[in-house]
Amino acid sequence: MAKQIVVNPITRLEGHGKISIFLDDKGDVSRAYFQIPELRGFENFLVGRQAEDAPQITSRICGVCPTAHHTAATKALDDLFKVDPPETAKKIRELIYTIFMLEDHSLHLFFLGGPDFVVGPTAPKAERNILGVIQKVGLDIGKRVIAMRKDLRGIITELGGKVIHPVFGLPGGVAKGVTEEARDRFKEVADRGVEFALFCEELLEDVVLGNEDYVKMITSDAYTHRTYYMGLMDSKDRVNFYEGKIRVVDPSGNQVERFPVEQYQEYIAEHSEPWTYVKFPYLKKLGWKGFVDGEESGIYSVAPLARLNASEGMATPKAQELYEKFYETLGGRPVHHTLANHWARVVEIVYAAERFHELINDPEIIGTDIRTIPTETPKEGIGVVEAPRGVLIHHYKSDEQGILTGANLLVATQHNSARIAMSVDKAARAMIKGGVVDDGILNQVEMAFRAYDPCHACATHSLPGHMPLKIRIFDQNRSLIREIRRDG
Amino acid sequence: MKLLILCLGNDLLGDDGIGLEAAEPIERAMGTKAEVRSTSMSGLYLVELLEGFDDAIVVDSIPGDHPGRIRELTPNDLKPVQVPSAHFVGLPEAIHAARGAGLRVPRRFRILAVEIPIAQTIGASPRPEVRGALPELVRRVTEAAKEWGYV
């Protein structure tokens, strides 16, 4: 079927994400495709630049997660210059990174996940936004969320050194230490951060898990794929956002791979399709078997649910409790329900808050040894972090002067792209029957990928800055019968 | 009364950096009469920058057919939409969310956008015809501030 369908590649001209749904003669779905424009070229832009510029350049790739790119690039520079940062520097980096994860996850929970769950997936479109969430949970809560994010952003700005983009990361350490005075102020924010995280968890329990219909929806077959899962783990195989080994588990939860990021090319390969520029990574050992799930298929996923699935637990006490509850409620590890990403994200919010609290109360955080000066000749470096949306790898090559000669960035959404494609197709098949397509149904199709919070063309900034979705529905003769733009 | 001049853009997307380049001359022209902030961050991150001001002038780029031409948009041109990802949130959604949450964000907006070619490419600075808009852009920002009584 796929070869009969010609879908023009999306260009930056349109600035739209696009879902194309092809119906058969009964009005059921024969295949649905999800495409979003992608801006590549940052890799080329890096060539010929000084390696030390990479954390600044790559942090501009994304208007939402500069800290993730900055930190992955900084770690790649540690490797490039073969230099090990002092403990205090590592802790400061992890501190900033953990705060970033906390604020980014909370943004997602309230702004994107919230509307689906708090307001309801079939609620009128106009209510399914953060205002709907605020109306439902109360104005005070909305203010509290925004105030908390502001405090967290304030710390990142202060420690990161610059309002627009962080500039703290240097090969071998960080540019600035934490003073005792700042530490004391941040401690107070960390206390509130933990309270805030637990409040997010309570909200999820009350509003979402207390509602049988939501739980049914989360666990419905339409949003379920039995794939492999990948995440960055500490030495005890607990989730770690900043460092560790990459672990992969199979659809039954058994470890199949555990490797340092430097070896990623031995484990991950990419597959191309004619209908999209996006490349689909898969596990080399299993090979590409098409858009299918199961033990035989090399498709894997990343992001909060995948991280939890790939781990044996969480490294902080309250998050561990919630981790156990998560798997008890959803029938054991691994959980294959895509929509459980929202709940997994809340478990990570609690972990991030607790870890922030631990790090800011660590006596070493105010140490003054924050930089090991590189002395080795650079050649090749690879760095990894867990971005909010999953494993993020930066890989650089340089000449002996430290001028970059090559770069490869493997971003989280890429790892997930095959699973997202399957999710959209599966959800469309499950929801659209007999040619009936309404707004609530389309939203449920969109929910399939919203749970991943995909990030493709995020570098653009021109007004209005947003990217609505265009949904096109074709009949059995491949004629366009309906086009819906999600811009009101 | 407090006026914010918010300059938006991505300095690695060549022409899209025009808003950021405008920040410095605007700051020189405005002195202490307004606060000039510039950022490449997007979406809800803008909420934090908008908070605490009565009025705002936004300077940004917009894809169009005449690179370098300055267009003024009204807030009505920027209706919020439902977007599928935090990465797709733009200025309209940010304003809408902030107002909805009861935050003190500007009541009045003037939006000045420099047209840039529709196809964006990665590069270090805006092309000459886009950059050529800077003097007029600064003048129009100053005029707008004057109309509101800030200058």
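**Entry 1: a helix on the sheet of chain B**

I began with helix α1 of chain B, residues 18-30, which lies across β1 (3-8), β2, β3 and β5 of chain B. I noted that α1(B) runs at about 150° to β1(B). I record at the outset that this is a predicted model.

I then looked up the sheet itself. It is an open sheet of five strands in the order β2-β1-β3-β5-β4 (chain B), and the pairing is mixed. Which strands stand at its edges? I found β2 (35-39) and β4 (70-73) of chain B there; each has a single partner strand, so one side of each is left without a neighbour in the sheet. From one strand to the next, the twist averages 25°.

Strand β3 (residues 55-63) of chain B and strand β5 (residues 108-116) of chain B pair in the parallel sense, over nine bridges. As one example, I traced B:Asp60 to its bridge partner in β5(B), B:Ala113. I kept in mind that strands of a sheet pair through backbone hydrogen bonds, either parallel or antiparallel.

I next asked what α1(B) does with helix α5 (residues 134-147) of chain B. Their axes come within 9 Å and cross at roughly 55°. The two helices are therefore oblique to each other, and I noted the crossing as right-handed. On the side of α1(B), I listed B:Ile18, B:Glu21, B:Ala22, B:Pro25, B:Ile26, B:Ala29 and B:Met30 as making the contact. On the side of α5(B), the residues include B:Leu134, B:Leu137 and B:Val141. I recorded the make-up of this contact as eleven nonpolar, one polar and one charged.

**Entry 2: chain B as a whole**

I counted five helices and five strands in chain B. Along the sequence, they follow the pattern β-α-β-α-β-β-α-β-α-α. The C-alpha atoms of chain B fill a box of roughly 40 × 40 × 25 Å, taken along the principal axes. How does the radius of gyration of chain B stand against that of a compact globule? For 151 residues, such a globule would have a value near 15 Å; chain B has 15 Å, which agrees.

**Entry 3: a sheet of chain A**

I turned to chain A and to an open sheet of three strands, in the order β11-β12-β13, with antiparallel pairing. Here β11 (380-387) and β13 (404-410) of chain A stand at the edges; each has a single partner strand, so one side of each lacks a neighbour in the sheet. I noted that neighbouring strands are turned by 15° against each other on average, direction ignored.

Strand β12 (residues 390-398) of chain A is joined to β13(A) by six bridges, and the two run antiparallel. In this pair, I found A:Ala407 of β13(A) as the bridge partner of A:Tyr396. Helix α3 (residues 66-80) of chain A packs on the sheet and touches β11 and β12 of chain A; its direction makes about 150° with that of β11(A). I also saw that α13(A) lies across β12 and β13 of chain A, at about 45° to β13(A).

**Entry 4: helix pairs of chain A**

I followed helix α13 (residues 412-431) of chain A to helix α14 (residues 439-450) of chain A; the two pack at an angle of about 160°, with their axes 8 Å apart. That makes α13(A) roughly antiparallel to α14(A). The crossing is right-handed. Among the residues in contact, I noted A:Ile420, A:Val424 and A:Met431 of α13(A), and A:Ile441, A:Val445 and A:Phe449 of α14(A). The contact divides into nine nonpolar, two polar and no charged residues.

I then examined helix α7 (residues 180-209) of chain A and helix α12 (residues 341-360) of chain A, whose axes come within 9 Å and cross at roughly 160°. They are therefore roughly antiparallel to each other, and their crossing is left-handed. I recorded 16 nonpolar, two polar and five charged residues in this contact.

**Entry 5: two backbone details of chain A**

Most residues other than glycine have a negative phi, and most peptide bonds are trans. I looked for departures from this. The peptide bond from A:Arg333 to A:Pro334 is cis, with omega near -5°. I located A:Pro334 in the loop between α11 (317-330) and α12 of chain A. A:Ala303 has a phi near 95°, a positive value in a residue other than glycine. I found A:Ala303 in the loop between β10 (300-301) and α10 (304-310) of chain A.

Notes:
Residues are numbered from 1 along each chain as its sequence is written. Chains are lettered from A and ligands numbered from 1 in the order in which they are written. This is a predicted model: local features need pLDDT of at least 70, side-chain atom pairs count only at pLDDT 80 or more; totals for chains, interfaces and linings use all residues. Side-chain values use heavy atoms; hydrogens and water are left out. Two strands pair if DSSP finds at least two bridges between them. Helices (H or I, at least four residues) and strands (E, at least two) are DSSP runs, numbered from the N terminus. Axes are lines fitted to C-alpha atoms, for helices over the stretch in contact, and angles run from 0 to 180 degrees between N-to-C directions. Contact means heavy atoms within 4.5 Å. Angles under 35 degrees count as roughly parallel, over 145 as roughly antiparallel, 65 to 115 as roughly perpendicular and the rest as oblique. A crossing is left-handed if the near helix is turned anticlockwise from the far one by less than a right angle, and right-handed if clockwise. Ala, Val, Leu, Ile, Met, Phe, Trp, Tyr, Cys and Pro count as nonpolar, Asp, Glu, Lys and Arg as charged, and the others, Gly among them, as polar. The radius of gyration is taken over C-alpha atoms; the globule rule is 2.2 Å times the number of residues to the power 0.38.
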